[in-house]
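Please open the model in your viewer and keep a selection panel at hand. The tour below moves from the overall division of the chain to the contact between its parts.

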Amino acid sequence: MSAATELARTDGSHEITARLARFFDERTVQAAAYGSAFERLWRLAGEAATGGKLVRPLLLLDVYDALASPRPGSGIADRETALDVAAAVELLHFSFLLHDDVIDQDTVRRGRPNLIGALMDQARESGSASDALAGTVHWARTGAILMGDLLLAACHREIARADVPRTRRVELLDLLDRTVSESVAGELIDVGLSHGLVPPRLATVLGMTTHKTATYTFELPLRAGAILAGADGATQDVLGAVGRHLGLGFQLQDDLLSTFGDPARHGKGRYSDLREGKQTALVAMARTTTSWPGIEPRLGRPGLTDRDAEWLAGELEACGARTAVEGLVRRELTAAVDLVDDPANGLTGSLRAVLHELTRTLRGRSA
């Protein structure tokens, strides 16, 4: 990555962070009119939302910067508008995380209390719920659901107010609508897989992963950056296909890191997927092997010991599931590069450079 690109990314990161801080500060002040509990909810949400990697908004800006060449009457959004939309994408991300934490009943994210955990801690400190744990949990999860809804609405509001021609604004809103629908569909299948309500076939697991993660983590920012830069529909479609391949590879890497990676680096609890019994591609691959009868009874035990979890991880490697999923990751990243390099797709040199750098980062990923 060139020095100029690094500088633009750093500036973009600071600008997005400032926009998000301003958003939460303003909403916290406004919330005071509805009482201290609502004000506290917004303040804690603002604290929980800080410190992220800003992967999605920065990717949007990278694509915008690679494609935009503003000229009078071009209809291309200026960079301030691109920054506004990028910040809205991060609000969408945090909205999804809040709902995901409720669904998974998590109270910690990346080593610190998430919004649910922060609300529970505050209730305990106030002494208002010392003998009503169930009520405290219900209240905290309710706060996370409602804040997720508020941020989802705020994301739509910010994009609907983007200073772009109406046709471009409609494209952005249609993209956002499809992104939310696909992410929700993926989450529903994920929960169904976990409870045995959906047959755990590999194709189903991969489709769920694409909808739940790839669409909003990669396809959304790639397409949105192209829309804001005035790119045509063909370029948007190529970027969408690239995003789906990269997103699936990214999530498959996450599954591998959860079982075989260093939790201090990737932030998830050690063997958390094995304890939850998540139906990942690793598990789907293991189902097809002779090792499955020994793996199945241990998978999904909440009280799974580290020793048993290590045994499970060893079996997933010995039966070939790890190697198979690593092969799927390579397949998806290679497919993305092939699309980027295909002359028929007509991507500009600067855009190809952005996508090659992104792919190189994913290939060496350990967190």
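**Where the two domains meet**

Between domain 1 and domain 2 there is one salt bridge (a side-chain nitrogen of Lys or Arg within 4 Å of a carboxyl oxygen of Asp or Glu). Select Asp100 and Lys212, whose side chains form a salt bridge at 3.8 Å, N to O.

This is a predicted model, in which local features need pLDDT of at least 70 and side-chain atom pairs count only at pLDDT 80 or more, while totals for chains, interfaces and linings use all residues. Residues are numbered from 1 along each chain as its sequence is written, and side-chain values use heavy atoms, with hydrogens and water left out.

Next, colour the chain by domain, with 21-51 + 88-162 as domain 1 and 53-77 + 164-367 as domain 2, bounds that come from an automatic or database domain assignment. Their centres, taken over C-alpha atoms, are 25 Å apart. To the contact (heavy atoms within 4.5 Å), domain 1 brings 15 residues and domain 2 brings 21 residues.

Now show the surface: the two domains bury about 1700 Å² between them, with 66% of it on carbon and sulfur atoms. Buried area here is the accessible area (1.4 Å probe) that two parts lose on being put together, summed over both. Then select Val89, Phe96 and Arg110, which supply 31% of the area that domain 1 buries against domain 2, more than any other three residues.
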